[in-house]
Amino acid sequence: MFAGDLLVIFGAKYLFLAVPAAAAVYWLKLPGRERAELSALWLIALPLAYALARAAGHFYFLPRPFVAAGFAPLIPHAPDNGFPSEHALFSAAIAAAVFLLSRKLGTALWVIAALVGISRVLAGVHHTADIAGALFMAAAAAWAARRALPRPHPGPAARWLDRRLDRLLCARGYRSAIIWRDGPLRGTAPAAASGPAAERAAPRGRNGRYHA
């Protein structure tokens, strides 16, 4: 067996464990509020991603490459439905939740999750569509989990993501659905004030009338 095959086998079978290990170390170093937030994200995102995967697998069957092409895979596997990849799904769901609090670590974990998927494709147990579907479902589950939780003071990664989603919606003519408690998005003009408070704040002329 070649060294490249051994790397593929390691990536396909064991590399995904690096994602929860790194995420656990990061979780232990977080302050109490952010630690509770990440825990809540995982508690929602992981079961939701699994539910999406089960539903997708029920409606869409994709034979594994070694079944469809008739060759022996690098790692033994049952000839069941390969869509989506559970290894990639699990890794990406953890990475997506971490990304909402730390863009740097979250991106690194996303890279590892992608490498897990690539390894399983090279090992002959998954198609590219299995990996792409798993990554998409994981990202959607993490995004839904973040929207379901109250975020009075969102982290920089969540603000970065929501700015781009908000600008995309505004560019397409939709009203912004993302309102932070600490002020409007950068680059947007504040809304004009109205009512008694605005009248009291308006400058008065010598005759006591308010300027228009």
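A residue counts as partly exposed when its relative accessible area falls between the limits for buried, under 20%, and exposed, over 50%. The model on screen is predicted, and the tour starts with a residue of this kind.

**Stop 1: a patch on the surface**

Select Leu115. Its relative accessibility is 41%, so Leu115 counts as partly exposed. Leu115 belongs to helix H6, which covers residues 103–122.

**Stop 2: the nonpolar cores**

Next, select Leu38, Leu41, Trp42, Leu89, Val98 and Leu101. In the largest nonpolar core, which has 33 residues, these are the ones that touch the most other members. Colour the helices to see where the core comes from: H2 (18–29), H3 (32–59), H5 (86–99), H6 and H7 (128–148) each give two or more residues to this core. The largest share is that of H5, with nine residues.

Keep Leu41 selected and show what surrounds it. Leaving aside residues up to four places away in sequence, Leu41 touches Leu46, Ala97, Leu100, Leu101, Ala145, Arg146 and Leu149. Another core, of seven residues, lies apart from the largest one; Ile9, Ile75, Ala123 and Val125 are among its members.

**Stop 3: the salt bridges**

How many salt bridges does the structure hold? There are three.

Begin with Arg33, which is exposed because its relative accessible area is 52%. The side chain of Arg33 meets that of Glu34 in a salt bridge, at 3.9 Å from N to O. Glu34 has 28% relative accessibility and therefore counts as partly exposed.

Then select Glu37, whose side chain also meets that of Arg33 in a salt bridge, at 3.7 Å from N to O. Arg33 and Glu37 are four residues apart in helix H3, so about one helical turn separates them. With a relative accessible area of 10%, Glu37 is buried.

Move on to Arg64 and Asp80. Their salt bridge has its closest N and O atoms 2.7 Å apart. Arg64 sits in the loop between H3 and helix H4 (65–69), and Asp80 in the loop between H4 and H5, so this pair ties together parts that are 16 residues apart in sequence. Is Arg64 buried or exposed? Arg64 is buried, at a relative accessible area of 5%, while Asp80 is partly exposed, at 36%.

To finish, select Arg33, Glu34 and Glu37 together: salt bridges that share partners join them into one network.

Technical notes. Residues are numbered from 1 along each chain as its sequence is written. This is a predicted model: local features need pLDDT of at least 70, side-chain atom pairs count only at pLDDT 80 or more; totals for chains, interfaces and linings use all residues. Side-chain values use heavy atoms; hydrogens and water are left out. Buried means under 20% relative accessible area, exposed over 50%, partly exposed in between (1.4 Å probe, protein chains only). A nonpolar core is a set of buried Ala, Val, Leu, Ile, Met, Phe, Trp, Tyr and Cys residues joined through side-chain atoms within 4.5 Å. Contact means heavy atoms within 4.5 Å. A salt bridge is a side-chain nitrogen of Lys or Arg within 4 Å of a carboxyl oxygen of Asp or Glu.
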